Amino acid sequence: MKKILLTLAFVIAGFMTAQAQLWLGGSVSAQFGKEAKTFSIAPDMGYYFADTPFSVACAVAYEGSFLNGEGYTHDLTVSPYFRYNLCTLEERFSFFIDLAADIEALSFSFFNIGFSPGVSFNISDHWSAEFSYGFLGYQWERDDDNAASHSFELDFKTAAAEFGIYYSF
């Protein structure tokens, strides 16, 4: 039985490798508000499944905030996401929508799940640049007093924008 399962696992892995394209990359973002200045660095890795409009990926983001008069805070967020490519124009531009979840990994005080639209520009056969803007989804957050808040959000502020560079193998 173990040999059959192991063989099946190798066959599935081989099929996925043959039918998928791996990408590495990431994004950076910065927010400059009246109360805080925040930056984020988020490397990610994913698979684009050939002959389908679907991708799956995961980003790990480090975010730091300089709070006016209150010091510095930091968070580590794990963000798995599924991407659906809506359309491609002239092999250069792709419009997509991501279904993503963000989970704060240090204090488990934040979780959201929702949709983010974006556009990808293929610079060459291997390099692409992406821009995503906005969020529509559910958010759960716990404050320092352990009080939880729930909300549904539609966010198209400039703080919701991200830019990323990716290399595809």
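What follows is a chat about side-chain contacts in a predicted model.

Colleague: What are the ground rules for the numbers and cut-offs here?
Modeller: This is a predicted model, so local features need pLDDT of at least 70 and side-chain atom pairs count only at pLDDT 80 or more, while totals for chains, interfaces and linings use all residues. Residues are numbered from 1 along each chain as its sequence is written, and side-chain values use heavy atoms, with hydrogens and water left out.

Colleague: How many salt bridges does the count come to?
Modeller: The count comes to 2 salt bridges. A salt bridge here is a side-chain nitrogen of Lys or Arg within 4 Å of a carboxyl oxygen of Asp or Glu.

Colleague: Which residue forms a salt bridge with D98?
Modeller: R83 does, with the closest N and O atoms 2.7 Å apart. R83 lies in strand β4 (residues 71-89) and D98 in strand β5 (residues 93-104), so the pair ties together parts that are 15 residues apart in sequence. Strands (E, at least two residues) are DSSP runs, numbered from the N terminus, as are helices (H or I, at least four).

Colleague: And what does E130 meet?
Modeller: E130 meets R83 in a salt bridge, 2.8 Å from N to O. E130 lies in strand β7 (residues 127-133) and R83 in strand β4, so this pair ties together parts that are 47 residues apart in sequence.

Colleague: Are E130 and R83 buried or exposed?
Modeller: Both E130 and R83 are buried, and D98 is buried too. Buried means under 20% relative accessible area, exposed over 50%, and partly exposed in between (1.4 Å probe, protein chains only).

Colleague: Which ring does the charged end of R83 sit over?
Modeller: The ring of F96, with the charged end of R83 3.7 Å from its centre. The criterion is NZ of Lys or CZ of Arg within 6 Å of the ring centre and within 35 degrees of the ring normal.

Colleague: Changing topic: how many aromatic pairs are in the whole structure?
Modeller: The search finds 10 aromatic pairs. One of them is F54 with Y84, a tilted pair at 5.3 Å centre to centre and 50 degrees between the planes. Rings of Phe, Tyr and Trp (its six-membered ring) pair if their centres lie within 6.5 Å; planes under 30 degrees apart count as stacked, over 60 as edge-to-face and the rest as tilted.

Colleague: What is the geometry of W127 and Y167?
Modeller: W127 and Y167 are edge-to-face, 5.0 Å centre to centre with 65 degrees between the planes. W127 lies in strand β7 and Y167 in strand β10 (residues 161-168), so the pair ties together parts that are 40 residues apart in sequence. W127 is partly exposed at 41% relative accessible area, and Y167 is partly exposed at 27%.

Colleague: Which residues do ring pairs link into a cluster?
Modeller: F39, Y62, F66 and Y72.

Colleague: And which residues make up the largest nonpolar core?
Modeller: That core has 5 residues: W23, A57, Y81, A100 and Y166. A nonpolar core is a set of buried Ala, Val, Leu, Ile, Met, Phe, Trp, Tyr and Cys residues joined through side-chain atoms within 4.5 Å.

Colleague: Where is S55 placed?
Modeller: S55 is in strand β3 and counts as buried at 4% relative accessibility. Leaving aside neighbours within four places in sequence, S55 is in contact (heavy atoms within 4.5 Å) with residues including W23, Y81 and R83.
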